[in-house]
Amino acid sequence: MEQTKTAKQYGTRAAALLQRIRELSLITDEPGIINRVYGTPAFVQAGSLVLSWMEEAGLEAHIDPVGNIRGRWDCGNPAAKTLLIGSHYDTVVDAGAFDGPLGILLGLDLLELVTGLQQQLPFHIELLAFCDEEGVRFHTTYLGSKAVAGLFETELLDKRDEQGIALRQAIQAIGGDPGGLAQASVAGKELLGYIEAHIEQGPVLYERAIPVAVVTGIAGQKRILLSFTGEAGHAGTVPMPMRRDALCCAAACILAIEDFARQQAGLVATVGKLDIPHAASNVIPGKVDCTLDLRSTDEEELAAAWQSLQKVLNDICRQRAVLFSYNMVQSSAPVSCDPRLIRLLSRAIGDAGHQVVSLSSGAGHDVVPLSAICPVAMLFVRCYKGISHHPLEDVEEDDIAATIQVMEGFLKQMVFNYDQ
Ligand SMILES: [Zn+2]
């Protein structure tokens, strides 16, 4: 009887949360699709709505200098540490409704519970709705969480969007303060940790019919530009044995990359963009540039994979008399979630009656910058067929209820195990 009552209570909260997700999803710069990149009118409107929800929940809420919406619940003890909970409210173009808002609203739901409690918690809680995780407008991710972690590089302010508007101007336009970003940062010693719930963005939980999973870490990533230089020539006159076709060479290399990654557990490799300068149907391609995205949660394996791949690519290019060169565009190290928080979160999942499954994240999240200042944890929530960054992105109401229960269990674990 008691159990049915509890299940019903989670169900009611899940329905209310889903309602808010729907409400947020209607705030868009382009009617008919969800489009809410940093600094646009829809972005500002969504931020105001989140702010008003935080205020209604009884939190001390404000918008920080970069545009993060922050709501604080104070436990009354000035010496106590703070638990951060959050996710992001910006979206990609033609996004789904759940990527980001789900984590914010799960935190809000938990804080609504906390503000209604009779007894005090031993620590403060701050809810963070980060302003730019996707990095669509300025091609640079984690603007909001970098500011909170004190990692915001000032040269980023000069980055420009496609209209030529500098990030500095965009921050001013939303009422922020590009000169005061340091005020957004939090000292690590004041923090208990950061937890984020997020849709899995992959098919594992969907395929295995499990609602949630604990995340062990975020994959490190290398983005490399590969260049193949052969010799252009007439498609009708250069005999086949005499050709140095850069595109055929690139094709052989791309298949070799796929083959290599298939044989390495934990490694994923993707060539997502191919550029053939001066391409024409009657010209043998003389040059090809392509991107390589290489990810693994193991830093040494990632470095070793790139070393081995260079040898593979060099060998293929040598055989085809094509010149190979590369440019490392971006390299980020893997991030490990905190073992203690993983343990507490796993316990909460088990207590809620679910199988405890561990997954690593191939996608980046706001936990990456925050891991520089405090222990971090992540909870993955099953999403329909693993689809994300797409209108078909969906989460079942039952899974939201399950996640609410796990988040609540995690908070209880944090309280039981709090020692200062
Ligand atoms: Zn996200």
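Author: A helix here is a DSSP run of H or I with at least four residues, and a strand is a run of E with at least two, both numbered from the N terminus. The model is a predicted one. In these terms, valine 238 is found in the loop that joins strand S10 (233-234) to helix H7 (246-262).

Reader: Why does valine 238 count as partly exposed?
Author: A residue is buried with 20 or more other C-beta atoms within 10 Å and exposed with 12 or fewer; valine 238 has 15 C-beta neighbours inside 10 Å, so it counts as partly exposed. Leaving aside residues up to four places away in sequence, valine 238 touches Gly233, Arg243 and Ile284. From valine 44, which is 194 residues apart from valine 238 in sequence, it is separated by 59 Å, C-alpha to C-alpha.

Reader: What makes strand S15 lie largely in the open?
Author: Strand S15 covers residues 323-332, and because the number buried among its ten residues is one, it lies largely in the open.

Reader: How do you know that S15 pairs with strand S9?
Author: Pairing requires at least two DSSP bridges between the strands, and S9 (residues 220-229) and S15 are joined by nine bridges in the antiparallel sense; by that criterion they pair. Isoleucine 224 stands opposite methionine 328 of S15.

Reader: What is the phi of lysine 385, and where does lysine 385 lie?
Author: Lysine 385, likewise not a glycine, has a positive phi near 55°, and it lies in the loop between strand S18 (376-381) and helix H11. Because 13 other C-beta atoms are within 10 Å of lysine 385, it is partly exposed.

Reader: Why are helices H3 and H11 called oblique to each other?
Author: Two packed helices are described by the angle between their axes and the distance between the axes. For H3 (residues 101-115) and H11 the angle is about 55° and the axes are 10 Å apart. Roughly parallel would need an angle under 35 degrees, and roughly perpendicular one of 65 to 115; H3 and H11 are therefore oblique. The crossing of H3 past H11 is right-handed. In this packing, Leu106, Asp109, Leu110 and Leu113 of H3 meet Thr403, Ile404, Met407, Glu408 and Leu411 of H11.

Reader: How many residues does the largest nonpolar core have, and which have the most contacts inside it?
Author: It has 97 residues, and those with the most contacts inside it are Leu345, Leu379, Val381, Val406 and Phe410. Helix H11 (residues 397-416) gives the largest share of this core, nine residues. A second, separate core has 20 residues, including Phe228, Cys253, Cys290 and Leu313. Beyond residues up to four places away in sequence, valine 381 touches residues including Leu102, Ile199, Val212, Val395 and Thr403.

Reader: What makes aspartate 351 partly exposed?
Author: Aspartate 351, in helix H9 (residues 339-351), has 15 C-beta neighbours inside 10 Å and so counts as partly exposed. The C-alpha atoms of aspartate 351 and glutamine 405 are 9.3 Å apart, although 54 residues separate them along the chain.

Notes:
Residues numbered from 1 in each chain as written. Predicted model: local features only at pLDDT ≥ 70, side-chain atom pairs only at ≥ 80, totals over all residues. Core = buried A, V, L, I, M, F, W, Y, C linked by C-beta atoms within 7 Å. Contact = placed C-beta atoms within 7 Å. Axes fitted to C-alpha atoms, helices over the stretch in contact; angles between N-to-C directions. Parallel < 35°, antiparallel > 145°, perpendicular 65-115°, else oblique. Left-handed = near helix turned anticlockwise from the far one by under 90°.
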